[in-house]
Amino acid sequence: MVTWIVVAVVLFALVVLGLAVRPVLARLPRLRRAAVALQRRQAEAEALRSTAEALQERAEALQAQAATTQQRVALIKAKRGG
């Protein structure tokens, strides 16, 4: 008699567990697609970050070049004026 009660309780617990897990298992394909989309966006963000860093370096180089050019123009103007 006690064995049947134990078996019934265990089976009931398994049924409740199955009912609780079912919605999660139903969502797995959507979660997998979302994870793949997030990984793709992460790769795109990494590519954009490296492009932004390259652009930043190029802008700094151009800024230094512009400062040098401005100094040269100032020297030329000073020599012509003096």
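Helices (H or I, at least four residues) and strands (E, at least two) are DSSP runs, numbered from the N terminus. The model is predicted, so local features need pLDDT of at least 70 and side-chain atom pairs count only at pLDDT 80 or more, while totals for chains, interfaces and linings use all residues. Residues are numbered from 1 along each chain as its sequence is written, and side-chain values use heavy atoms, with hydrogens and water left out.

**The nonpolar patch and accessibility**

- A nonpolar patch on the surface has about 1,100 Å² of accessible area together, and its members include Val2, Trp4, Leu17, Leu25, Leu28 and Leu31.
- Patches are made of residues with over 30% relative accessible area and no salt bridge, where like charges are joined within 9 Å and nonpolar side chains (Val, Leu, Ile, Met, Phe, Trp, Tyr) within 5 Å; accessible areas come from the Shrake-Rupley method with a 1.4 Å probe, and for residues only the protein chains shown count as cover.
- Leu17, which lies in helix H1, is partly exposed with a relative accessible area of 49%, whereas Leu25 counts as exposed at 52%; buried means under 20% relative accessible area, exposed over 50%, and partly exposed in between (1.4 Å probe, protein chains only).
- Ala26, also placed in helix H1, counts as exposed at 53% relative accessibility.

**The salt bridges**

- A search of the whole structure finds two salt bridges, each being a side-chain nitrogen of Lys or Arg within 4 Å of a carboxyl oxygen of Asp or Glu.
- Arg49 and Glu46 meet through their side chains in a salt bridge of 2.9 Å, N to O, and because these residues are three apart in helix H1, about one helical turn separates Arg49 from Glu46.
- Glu53 also forms a salt bridge with Arg49, the closest N and O atoms being 2.8 Å apart, and because Glu53 and Arg49 are four residues apart in helix H1, about one helical turn separates them.
- Glu46, Arg49 and Glu53 are in this way linked in a network of salt bridges, and Arg49 is partly exposed at 42% relative accessibility, as are Glu46 at 41% and Glu53 at 40%.

**The annotated region**

- An unreviewed UniProt entry lists residues 38-79 as "coiled-coil region"; UniProt positions are given in the numbering used here, feature names are shortened, and annotations may be inferred rather than shown by experiment.
- Over residues 38-79 the chain is 100% helix and 0% strand, with the end C-alpha atoms 61 Å apart.
- Lys79, found in helix H1, counts as exposed at 70% relative accessibility, and its C-alpha atom is separated by 31 Å from that of Arg58, 21 residues apart along the chain.
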